Amino acid sequence: MSAAATGSGTAVEDQQATRHSLWLGVLGVSIFAFSIPMTRLASGSDAVPQLHPLFVAFGRAALAGLLAIAWLVVVRARRPRGGEWAILLFTAAGVVVGWPVFLGLAVRHVEATHASVISGVLPLATAAIAAWVHRQRPARGFWIAAVTGTALVVAFALLRSLQSNGHLGIGWADGLLLLAVFSAAAGYVSGARLSSAMPPEHVISWVLVLSLPLTLPVAALTWPETPIRPAAWGGFLYVSLFSMWLGFFAWYRALAIGGTVRVSQVQLLQPFLSLLFCAPVLGERIDAITVGFSLAIIATVVWSRRQTVGAPRGR
């Protein structure tokens, strides 16, 4: 076989792998897009509280972790080795503790539509952390897009504060949402990094199993003592099975195949999908300001996606 034919075959395989990773990314993002409205449905609001935010955060990981034990036994997954334990623990800090806890506490005080807009900077955060971890040099335009996207999020929070309170200010719930975004981005990058050494499905499963000594006791301590609406339990089951476990099967595999910096930008779909789900699931109103800021934030992500990434930095 000629070198040209070999090169052509490799190029076709690369294109197929890229398409496959992007479709897996879309599937994962579609599953995650339900997370914000379903978390709000499970935890309720200040006016009508349902499950405690800490129970939603740790209970969902505990349930998924128990299922993960059975799954790892069935597939005869190998045990993590050496430095893999540390990466698993770091990933758990981001996707098991950080994102669910900060998000759950925040959506008790802001609508899911508001949280969806703030989370629109998640692709930029993921790409920025991935570029730093993999020692890449994003073009100047990427950082301009990152700063612009962050500024839009701050402007949206300030405008909402002015509308609701009559003065400019960033609420503590917005701060929690940004912490949630950073936690998720860090967990995505570390989990994707480990997915090159073990199957992505094993990564999230081991993350959940390692978290059980923390998640099970907290879930037991925060178990609801008052009657809870069936809809709230439905939201809890969704974030347990899909947001916390099965969604990562597709997402980590997509990041491992297509590259974290590239595939993470598929998350630009997530704010729109979350907004679409908020109306039928929660009955929240989506106004022009919310849509406008979502479009602007997504535009910054699209802009960042077109920027080139240079060679790794020297040590």
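Colleague: Why is arginine 78 called partly exposed?

Modeller: Its relative accessible area is 26%. Buried means under 20%, exposed means over 50%, and partly exposed is in between (1.4 Å probe, protein chains only). The value 26% falls in between, so arginine 78 is partly exposed.

Colleague: What should I know about the model itself?

Modeller: This is a predicted model: local features need pLDDT of at least 70, side-chain atom pairs count only at pLDDT 80 or more, and totals for chains, interfaces and linings use all residues. Residues are numbered from 1 along each chain as its sequence is written, and side-chain values use heavy atoms, with hydrogens and water left out.

Colleague: What makes arginine 78 and glutamate 84 a salt bridge?

Modeller: A side-chain nitrogen of Lys or Arg must lie within 4 Å of a carboxyl oxygen of Asp or Glu. Here the N to O distance is 2.9 Å. That is within 4 Å, so the pair counts. Side chains of opposite charge can pair when their charged atoms come close.

Colleague: Is glutamate 84 buried or exposed?

Modeller: Buried, because its relative accessibility is 12%.

Colleague: How many salt bridges does the rule give?

Modeller: Three. One of them joins arginine 40 and glutamate 284.

Colleague: How do you know that this pair of arginine 40 and glutamate 284 passes?

Modeller: The closest N and O atoms are 3.9 Å apart. The limit is 4 Å, so the pair qualifies. The two ends are 244 residues apart: arginine 40 is in helix H2 (residues 35-43), while glutamate 284 is in the loop between helix H12 (269-282) and helix H13 (288-305). Both ends count as buried: arginine 40 has 15% relative accessibility, and glutamate 284 has 10%.

Colleague: What makes a stretch a helix here?

Modeller: A helix is a DSSP run of H or I with at least four residues, and a strand is a run of E with at least two. Both are numbered from the N terminus.

Colleague: Which residue forms a salt bridge with glutamate 201?

Modeller: Arginine 253, with the closest N and O atoms 2.9 Å apart. Glutamate 201 lies in helix H9 and arginine 253 in helix H10, so the pair ties together parts 52 residues apart in sequence. Glutamate 201 counts as buried at 15% relative accessibility. Arginine 253 counts as partly exposed at 29%.

Colleague: Now the rings. Why is the pair of tryptophan 85 and tryptophan 206 called edge-to-face?

Modeller: The structure holds 17 aromatic pairs. In this pair the ring centres are 6.4 Å apart and the planes stand at 70°. Rings of Phe, Tyr and Trp (its six-membered ring) pair if their centres lie within 6.5 Å; planes under 30 degrees apart are stacked, over 60 edge-to-face, and the rest tilted. So 6.4 Å makes a pair, and 70° makes it edge-to-face.

Colleague: Where do tryptophan 85 and tryptophan 206 sit?

Modeller: Tryptophan 85 is in helix H4 (residues 84-106) and tryptophan 206 in helix H9 (residues 200-221), 121 residues apart. Tryptophan 85 is partly exposed at 27%. Tryptophan 206 is buried at 11%.

Colleague: What makes tryptophan 245 and phenylalanine 249 an aromatic pair?

Modeller: Their centres are 5.5 Å apart, and the planes are at 85°, which is edge-to-face. Both lie in helix H10 (residues 230-258), four residues apart, about one turn of the helix.

Colleague: Why is tryptophan 23 called exposed?

Modeller: It has 65% relative accessibility, so it passes the cut-off for exposed. Tryptophan 23 is in helix H1 (residues 3-33).

Colleague: Is arginine 76 buried or exposed?

Modeller: Exposed, with a relative accessible area of 77%. Arginine 76 is in the loop between H3 and H4. It has a positive phi of about 55° although it is not a glycine.
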